[in-house]
Amino acid sequence: MDHAALQHLAQQQWWIPLFPLVAAAIQSLLPRGQRKLSAGLCIVAMGVSCVLALRALLATLGTGHHEVERVFFNFTWFHFGTTQLDMGLILDPLTAAMAAMVSFVGFWIFVNATGYMADDDNFTRFFCFLSLFAASMLGLVISNNLLLLFMCWELVGLCSYLLIGFWYFKPAAAAAMKKAFITTRIGDVGFFLGILMLYYKTGTLNMYTADGNGALQQAGALAHVAGWWGLSAASTIAFLLFIGAMGKSAQFPLHVWLPDAMEGPTPVSALIHAATMVAAGVFMVGRMYPLFTAEPGSWVMDFVMWIGCFTAVFSATIAVAQFDIKRVLAYSTCSQLGFMVMGLGAGSLVAGQFHLLTHAFFKALLFLGSGCVIIGTHHEQDMRKMGGLKKYMPITFWCYLIGMLALSGVPPFAGFFSKDEILLETFRRSKAAWGLATFAAFLTAFYMTRQMFMVFAGKWRGGDQDHGDGHDKHDDHGHGHHGGEPHEVPWNMWLPIAVLSVFAIGLGFFSHNYGLYLGVEGGEAAEGKAIVMGASLTVVALGLLFGWLIYGRKTMEHATDEDPLAAMGALFTFLNRKWYIDEFYEATVFRFTAVCAVFFRLFDKLVVDGILHAIAWVAWAISQMFRWLGDEFFINGGFDSGCETVRLGGKTLATLQSGRVQNYFRVLSLGAAILLLIYFFT
Amino acid sequence: MNIPLDHYLMLSAFLFAIGLCGALARKNAIIVLMGIEIMFNAGILNLIVFWHYRYFASVTAQMFAIFAISIAAAESAIGLALVIAVYRHYKSVTLDEMTSLKG
């Protein structure tokens, strides 16, 4: 495809988010009963977006050049004074691959959601939010302008807030939605500062412009301008932007919102953890990558890498000790995002972005799979009360197995290739980070094996506790089945995970092509490749083995059985309570805020109010003086006598008002007659 | 048959005077209302006559006449309603007795 045609395509990029956006707008007006129409509209809109995104992807694939083909379309949004605000759309490999992934995965999540939400009263509201979510993410992906990107970024945050708290009547969900919103907002402060600084330094918010003065095109120049903290301006901006990404992509220490986001419906979890919300942060770092790499040897890249590395290990350890099926996946997402960020920090755009893509597929698969499990077991999320589901839900089992192997990084599956690439890049940059990350890979394999055995192997433990009352409770669900036995989910729920599992298998083989596609040559250097690959294969095998030894050899018999790892005692509790991070924040940040609040209240009461009261007293004293001197004596005195006169006059005239209506009329007629006479005789 | 304008105006003035007398001199509220109605109609007659003799091409005066008639109807309805309300209160429709609004 030639350049002009691509240019035209870039101009048409806005159609991609438009369809879900319009679908959301229409659905906000639909009555609640229109479930089929709502879901149909949403899925069709997403399908059209997906087709458009794939068309853009194919167009960029077919350029045949070695250098990256990047086309953009900028336009002026509005003027104020002499300043003008621009907007821009972009089409380059990064965007095209992301948009295709978001719309494709989103499409299948929507299909799955029709099954998961089938019994919910607010079905149309759910799909409205879901559509808006997808639209904002697609808008974020195609924007060539930081302002547009920031707006979509905030819209994504808003939608996640709405969706996490979709069941707002549950106190936990209401708390989680606030937590997600506020925590990401802390990161957004950094992001916004970064945008402001970028605008201040470059005078434009467009990333690429035709005249070569785009914000990212000036990254090289910015590396020679002084910024803050002894960094160059480029690195300072990159650091600030990364804080935003830390909030959005749930990096330590702003990761706390993500596991709580599990309170939302499961398709939302899939959407947040795979295609949209958390992807936004990593994508943004990838998009702004020229700023990160502009100044060689700045500590910002190391910071990025170590934050990612720590998050990867830290979340993986927590995932080991969780019992909620979705919580394990949530911490696994955190951990995998850590991998991506680490890859980016290690200096490889390709590795980070490719893992983002593959992870989106298999994590969406795993989340939708867990949604199937939850529906199949009648809204049970505790893995201890599952077990033996392989027999009841074969399709879900096989798809889940593929997702699990992909996540663990078993060779032919997608996760192996992308994770290996990250590990390789990290190995070149820092051996210590690589060692930690390899440990995280071991933990990943281990906790996924643990989950598989707990959920699918052994015997069904769900009937253990609620055998008596379980019957009535389950019948209320109205799934059209009886009793507490798990069952396979309908086709609209298993089809999406089946489709996604195809990609979880096959996508990994494109890792080399993806590198070429992004215009990054190399990656062929054999240095360390054998060590890294050997190490990661070993740890994955070890992880699977330990998982089998501890959880597979002897599966849990009863839901009340202790976890074998609980023998570790305090360490297990420590992990199970998530390193007490929430408690730590509770004790430090919250307590600090509370103390500040008390202090400021006292300050307000004593100092601010004191000053106000003093001013008020002085004013009062002055006014008292004037009152006695001027007011009482002169003004009131004069006024009083005036009033007395008016009162007397009124009293005299009041006698004229006799209340006899005909008297008035007579006077009126007399007056008219006199007027007539005057008229005639003058 | 060609009646000059003056005759009509005389008629109208005469009607107005009758109405005025009724409204001023009678004690019964209903009769007073009737007097007011007669004055109204004298005015309307003037409108129509002037239209006919001076502005025959225009329809404005007719519009005004119809407008005034409907207002007169509304006015008399309100007036009668008032008289009935007053009657319920005082058990009388004699205007001289209703002096509670005096200053």
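**Contacts and packing**

Author: Chain B puts 10 residues in contact with 11 residues of chain A; contact means C-beta atoms, placed from the backbone, within 7 Å. The model is predicted: local features need pLDDT of at least 70, side-chain atom pairs count only at pLDDT 80 or more, and totals for chains, interfaces and linings use all residues. Residues are numbered from 1 along each chain as its sequence is written, while chains are lettered from A and ligands numbered from 1 in the order in which they are written.

Reader: Now helices. At what angle do helix 14 and helix 20 of chain A pack?

Author: About 25°, with axes 9 Å apart. Helix 14 covers residues 299-320 and helix 20 covers residues 431-456. Helices here are DSSP runs (H or I, at least four residues), numbered from the N terminus. Axes are lines fitted to C-alpha atoms over the stretch in contact, and angles run from 0 to 180 degrees between N-to-C directions.

Reader: Roughly parallel or roughly antiparallel?

Author: Helix 14 and helix 20 of chain A are roughly parallel, the term for angles under 35 degrees.

Reader: Which residues make the contact?

Author: Among them are A:Trp306, A:Cys309 and A:Val313 of helix 14, and A:Leu436, A:Phe439 and A:Leu443 of helix 20.

Reader: And by class?

Author: That contact of helix 14 with helix 20 has 16 nonpolar, two polar and no charged residues. Ala, Val, Leu, Ile, Met, Phe, Trp, Tyr, Cys and Pro count as nonpolar, Asp, Glu, Lys and Arg as charged, and the others, Gly among them, as polar.

Reader: Back to the chains. What classes are on chain B's side?

Author: Where chain B touches chain A, its side has five nonpolar, three polar and two charged residues.

Reader: What does A:Ala99 touch?

Author: Its contacts include A:Ile16, A:Ala53 and A:Leu138, not counting residues up to four places away in sequence.

Technical notes:
Helices (H or I, at least four residues) and strands (E, at least two) are DSSP runs, numbered from the N terminus. Angles under 35 degrees count as roughly parallel, over 145 as roughly antiparallel, 65 to 115 as roughly perpendicular and the rest as oblique. Two residues are in contact if their C-beta atoms, placed from the backbone, lie within 7 Å.
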